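Please keep the sequence and the model at hand while reading.

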Amino acid sequence: MDDDDDDIPQLSSHTLAALQEFYSEQQQREGTKTSQGFNQYSIGSIEEDWQLSQFWYSDETALCLAKEAVLAAGKGGRIACISAPSVYQKLKEQDGEDFSVCVLEYDRRFSVYGEEFIFYDYNHPLDLPENLLPHSFDIVIADPPYLSEECLQKTAETIKYLTKGKILLCTGAVMEEQAAKLLGVKMCKFIPKHSRNLANEFRCYVNYASGLD
Ligand SMILES: C[S@@+](CC[C@H](N)C(=O)[O-])C[C@H]1O[C@@H](n2cnc3c(N)ncnc32)[C@H](O)[C@@H]1O
């Protein structure tokens, strides 16, 4: 080594390893977020399948619901999105926020999201992986596929099993009474919007003091 090399600040092997780990994690994050400039978390990256009663929220609504979930879950909180994949996608775009999230979905195309995807069929409301412990989510958001009492009642079983308490339900205005009976939720002033106009009036319901009023 010559004199010039002595002037170059040297990083300790420990700092260097930490830096390398940081860069490789950053690369991994970017790699999953974009492939050939395509954001795999953008709403609509998985197209609506009307056979599965899929109607995606508008970008603004998904963002509003995602922000509400983060606030309600609190620092380091856990969020479950049941049959509401665009809220999951919007949450994944919220860089730097401190929370964890998973998406419970019937459509296996969402398995591209890896371990955060959990296959879910409301017909078997408690048929869940063992590692999904009861009352382990700070908030559960759900948008059941059908406007029927049976579908809401079964989805409600899953919601009550998973939540520590907070519930954010999105469904038709016609389900107000049943939602109150099954989950103790009240209609919010906030009106969710979809990327396409729906024939049915949609609303959000919560059982806590939310920012949606
Ligand atoms: C009315 S959409 C709600 C989507 C929400 N608006 C969003 O943008 O994320 C109903 C959701 O239920 C899912 N779904 C369809 N059949 C289901 C089933 N048997 N069990 C659970 N979820 C189901 C659909 O794939 C869809 O994501």
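At what angle do H3 and H4 pack, and how far apart are their axes? H3 and H4 pack at an angle of about 70°, with 8 Å between their axes. H3 is therefore roughly perpendicular to H4, a label given to angles of 65 to 115 degrees. The model is a predicted one, in which local features need pLDDT of at least 70, side-chain atom pairs count only at pLDDT 80 or more, and totals for chains, interfaces and linings use all residues. Residue numbers start from 1 along each chain as its sequence is written.

**Conventions for helices and axes**
- Helices (H or I, at least four residues) and strands (E, at least two) are DSSP runs numbered from the N terminus.
- Axes are lines fitted to C-alpha atoms, for helices over the stretch in contact, and angles run from 0 to 180 degrees between N-to-C directions.

**Ligand shell**
- The ligand is surrounded by 20 residues, of which Ser-83, Ser-86, Tyr-106, Asp-143 and Pro-145 are the closest; a residue counts as near if its C-beta atom, placed from the backbone, lies within 6 Å.
- By class, the shell holds 11 nonpolar, five polar and four charged residues; Ala, Val, Leu, Ile, Met, Phe, Trp, Tyr, Cys and Pro count as nonpolar, Asp, Glu, Lys and Arg as charged, and the others, Gly among them, as polar.
- Helix H4 (residues 85–92) supplies the largest share of this shell, three residues.

- Seven of the eight residues of H4 are buried, that is, 20 or more other C-beta atoms, placed from the backbone, lie within 10 Å of their own.
- The buried residues of H4 are Pro-85, Ser-86, Val-87, Tyr-88, Gln-89, Lys-90 and Leu-91.
- These buried residues pack against helix H3 (59–73) and strands E3 (77–82), E4 (99–105) and E6 (137–142).
- Ala-62, Leu-63, Leu-65, Ala-66 and Ala-69 in H3 meet Ser-86, Val-87, Lys-90 and Leu-91 in H4, contact being C-beta atoms, placed from the backbone, within 7 Å.
- The contact of H3 with H4 comprises seven nonpolar, one polar and one charged residues.

**The sheet**
- Seven strands form an open sheet with mixed pairing, in the order E5-E4-E3-E6-E7-E9-E8; strands pair if DSSP finds at least two bridges between them.
- Strands E5 (117–119) and E8 (186–187) stand at the edges with a single partner strand each, so one side of each has no neighbour in the sheet.
- E3 and E4 run parallel and are joined by six bridges, and Gly-77 has Phe-99 in E4 as its bridge partner.
- E3 is mostly covered, with five of its six residues buried.

Note on methods:
Buried ≥ 20, exposed ≤ 12 C-beta atoms within 10 Å, placed from the backbone. Contact = placed C-beta atoms within 7 Å. Parallel < 35°, antiparallel > 145°, perpendicular 65-115°, else oblique.
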